[in-house]
Amino acid sequence: MTARVGIVVFPGSNCELDAKKAFESAGAEALMVWHRDETLPEVDLVVLPGGFAHGDYLRTGALARFSPIMEAVRAHADQGGLVLGICNGFQILCEAGMLPGALRKNSGLKFLCKWVTLRVEDANTPFTSRAHAGQLLRIPINHFEGNWFAEQAELQRLQANGQIVLRYEDNPNGSLGDVAGICNETKNVFGLMPHPERACEALLGSADGIVLLGSLLDHIGHRAKAPV
Amino acid sequence: VDADEARLRVEEMCEKLLANPVIESYQVSIA
């Protein structure tokens, strides 16, 4: 069974082809979905890629949450479908209320484009099942608003529920609790600031991104085989 | 639109788009 991945393209997205290439290399079928569409094709996973949707006007992700496709993305998630938001996609998911917290400007007020080391906090998610807790992943970041914030009570709730999926080893942007990636309570919606799709070939500096993307494809494969 | 209705509408705009209440606060004045 080939996993089907729908990659949403907003005006201003710029990592959709990287995501397509990465998922296809990992064995999935990748379909592009225009943000003005009101329905999703039959897909197992929806990806909101990186970029600057709607020019980041007002706040990152603030306008994209109103794109027509977002109602279908929310319905897909509500039915247990997998959603992955990378960088700008993570910002959109937070603005849409599909993930908790918000992404503020980096604490140093500088755009950051560099390799970082991430620590897998929770391997018991569809996004990290190929990893083990504590595993280090080398994956690049490329953002100005990656400084994740939530109220302390919210952070504690996420920690208690195992929703903190990835943390920075050396926090580059001021993110609360060194958070690099979180998931929702039901663990089918995941957002992260780093770009795993840019770390899928050793020739490009790291293939650690395959751990995350491959975990998703494993999960889809196992679910397809599970008895109904 | 009376003042109460105007306030409700503007507050809804703030909550949904104009502000992100996780990180921003807002104040509505009806003149």
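**Note on the predicted model of chains A and B**

1. Of the 31 residues in chain B, 13% count as buried. The model is a predicted one. Chain B contains one helix and zero strands. Along the principal axes, its C-alpha atoms occupy a box of roughly 30 × 15 × 10 Å.

2. The contact between the chains draws on 12 residues of chain A and eight residues of chain B. Leu17(B), Val22(B) and Ile23(B) account for 59% of the area that chain B buries against chain A, more than any other three residues. Interface size is often quoted as the accessible area lost when the parts come together. For chain B and chain A that area is about 790 Å², with 62% of it on carbon and sulfur atoms.

3. Polar features also occur at this interface. Four residue pairs are in polar contact between chain B and chain A, counting pairs with both residues at pLDDT 80 or more. The side of chain B that touches chain A divides by class into five nonpolar, one polar and two charged residues. One salt bridge is found across the interface. It joins the side chains of Glu24(B) and Arg59(A), at 3.6 Å from N to O.

4. The largest nonpolar core has 71 residues, and those touching the most other members are Phe23(A), Leu45(A), Met70(A), Leu84(A), Trp148(A) and Leu166(A). Helix α5 of chain A (residues 209–225) gives this core its largest share, six residues. Beyond four places in sequence, Met70(A) touches Phe10(A), Leu48(A), Ala64(A), Arg65(A), Ile92(A), Ala96(A) and Met98(A).

5. Arg74(A) lies in helix α2 (residues 69–78) of chain A. Its relative accessible area is 33%, so Arg74(A) is classed as partly exposed. With neighbours within four places in sequence left aside, Arg74(A) is in contact with Ala96(A) and Met98(A). Arg74(A) and Glu16(A) are 58 residues apart along the chain, and their C-alpha atoms are separated by 19 Å.

6. His35(A) sits in the loop between β2 (29–34) and β3 (45–48) of chain A.

7. Gln135(A) belongs to the loop between β6 (112–120) and β7 (136–143) of chain A. At 18% relative accessibility, Gln135(A) is buried, because the limit for that class is under 20%. Setting aside neighbours within four places in sequence, Gln135(A) is in contact with Leu118(A), Arg119(A), Val120(A), Arg130(A) and Val211(A).

8. Backbone angles deserve a remark. Most residues other than glycine have a negative phi. Asp178(A) is not a glycine, yet has a positive phi of about 60 degrees. Asp178(A) is in the loop between β9 (164–168) and β10 (179–183) of chain A. Its relative accessibility of 31% makes Asp178(A) partly exposed.

9. Lys187(A), again not a glycine, has a positive phi of about 60 degrees. Lys187(A) is located in the loop between β10 and β11 (189–192) of chain A. Because its relative accessibility is 17%, Lys187(A) counts as buried.

Key
Residues numbered from 1 in each chain as written. Chains lettered and ligands numbered in written order. Predicted model: local features only at pLDDT ≥ 70, side-chain atom pairs only at ≥ 80, totals over all residues. Heavy atoms only, no water. Contact = heavy atoms within 4.5 Å. Buried area = accessible area lost by both parts, 1.4 Å probe. Salt bridge = Lys/Arg side-chain N within 4 Å of Asp/Glu carboxyl O. Polar contact = N/O pair within 3.5 Å; in protein donor to acceptor, adjacent residues only side chain to side chain. Nonpolar A, V, L, I, M, F, W, Y, C, P; charged D, E, K, R; others polar. Helix = DSSP H or I, 4+ residues; strand = E, 2+ residues; numbered from the N terminus. Core = buried A, V, L, I, M, F, W, Y, C linked by side-chain atoms within 4.5 Å. Buried < 20%, exposed > 50% of the residue type's maximum accessible area, 1.4 Å probe, protein only.
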